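Dear colleague,

Please find the structure below, with notes on what was found in it.

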Amino acid sequence: MKLRAMALPRRDLVTQRLLDTRRQFRHLWFKVWSGGFLVVVAGFALTWFLLEPAPPRTIVIAAGSQDGAYYRFAEQYAVLLAQHDITLEIQMTAGSLDNYRLLASDPAVDLAIVQGGTAPEVALPSNQIEAIASLYFEPVWVFYRSDEPYHDLRRLRGARIAIGKDGSGNQSVAKILLEENGIDLSDRTRIIPVGGKEAAHQLTDGQIDAAIFVISPTAPIVRQLLQDGQLRLMSLDRSEAYPHRHPFLCSVTLERGVIDLETDQPSHDVQLIAPVANLVAAPHLHDSLVPLLLKVVSAVHAKGNTLVRAGQFPTTEFVEFPLNESARIYFESGPPFLQKYLPFWVAAGIDRSKIFLLPIVALMIPLLKLAPPLYRWRIRSRIYRWYEILREIEGELRRHAKLKVLQKHAVTLARMEQELDELDCVPLAYMEEFYNLRLHGEFVERRVKQALQDAENGHASE
């Protein structure tokens, strides 16, 4: 008799055990995943409230008058930011004092370029303004009409002096310097509140005697006034004393010929003092924008100018407000990793979504702990469920089962042998148990064959 040739019952013992095992496995898996699903839903709900909003595509900067250096630099920033699909709106103002006012009071303004030492006398709350970086030296240029050179601001006593427009940082610094040198209106000194091109025009026309400019050395006004043969640029003999009295000032040297080598301008070294132009921000400025802004201002200012070497700016050395945390990380470690290699918006999106890893991790930790026991249970169940079947068959043999029952057991054992032949995913760690099962299965199969043969012989003798 060939056991494999016998027809298999529709719902034999093996099939029933297999279905029971699958139901148990599905029930266990459902409990694991349903609990994990609830954890994920709760985690994502919490993450939604903690998620930082996306960076805005438009930011506003307060940048002084349209003919000033701040405005020109802001225009360069706007061109570079546009390459990253960010619009920089430039707002014209009266100057640094106006910029401070807008930054502290107008929620639409995100950034401002301000002159060092021009913060309002009434202290601003430390949480209203943050420093991003110092951008460049902004020297104090004192041009005057005279046949003899002056080396001291006190020589301007009694003169007509243009000190910059009202509300400008130029005027704020000029007033400090004049007061420090004892110059006031009681000395018949006339203070003229004009600046920029208007002050340069009045000076060249002889309407005023001197003008104080706080501007970049690259400003066209500087070259224009240096080339005017009737005007002189004051070199301050006591330039080193000013930084000791006012930390926002630095002593710098304008080297001979650095403005124009062909005309030898200036014709000698000039000692100047200089505040530093700073980029400041409102606290609501999105953190992801700070590294991009620093990348942009580096591209504009890192090449240096007539007063500083390349790479000296931007820096945090001269900031006057608490440094923005993202700016601090940028200066210590460089740009964020993602922004080095990916477009800004892609990097910002990935950076924002990293918080969604929290619920995933919350799910993966218990699943990783549960995976090894589940795996062992799955492998063992495929082996040990046959031992339960073998035990039931042996129990039937001891009770002298009838012919039909023995035939059914023969089919079950054939099914078992067929399944074991097809089983090819048993890990090496369980091979001993696997081959023990095959040996025990063959042992029970021999007993069934013998009992089946005896039962057929007894049936035939009747």
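The structure holds 11 salt bridges (a side-chain nitrogen of Lys or Arg within 4 Å of a carboxyl oxygen of Asp or Glu). This is a predicted model, in which local features need pLDDT of at least 70 and side-chain atom pairs count only at pLDDT 80 or more, while totals for chains, interfaces and linings use all residues. Residues are numbered from 1 along each chain as its sequence is written, and side-chain values use heavy atoms, with hydrogens and water left out.

Asp152 pairs with Arg238 in a salt bridge, their closest N and O atoms being 3.1 Å apart. This pair links distant parts of the chain, 86 residues apart: Asp152 is in the loop between strand E5 (140-145) and strand E6 (160-162), Arg238 in the loop between strand E9 (231-233) and helix H7 (241-245). Helices (H or I, at least four residues) and strands (E, at least two) are DSSP runs, numbered from the N terminus. Asp152 is buried at 14% relative accessible area, whereas Arg238 is partly exposed at 35% (buried is under 20%, exposed over 50%, partly exposed in between; 1.4 Å probe, protein chains only). A network of salt bridges links Asp152, Arg154 and Arg238.

Within helix H3 (residues 96-105), Asp98 and Arg101 lie three residues apart, about one turn; their side chains form a salt bridge (2.6 Å, N to O). Asp98 is buried at 17% relative accessibility, and Arg101 is partly exposed at 48%.

In H8, 10 of the 13 residues are buried, so this helix is largely enclosed by the rest of the structure.

Regards
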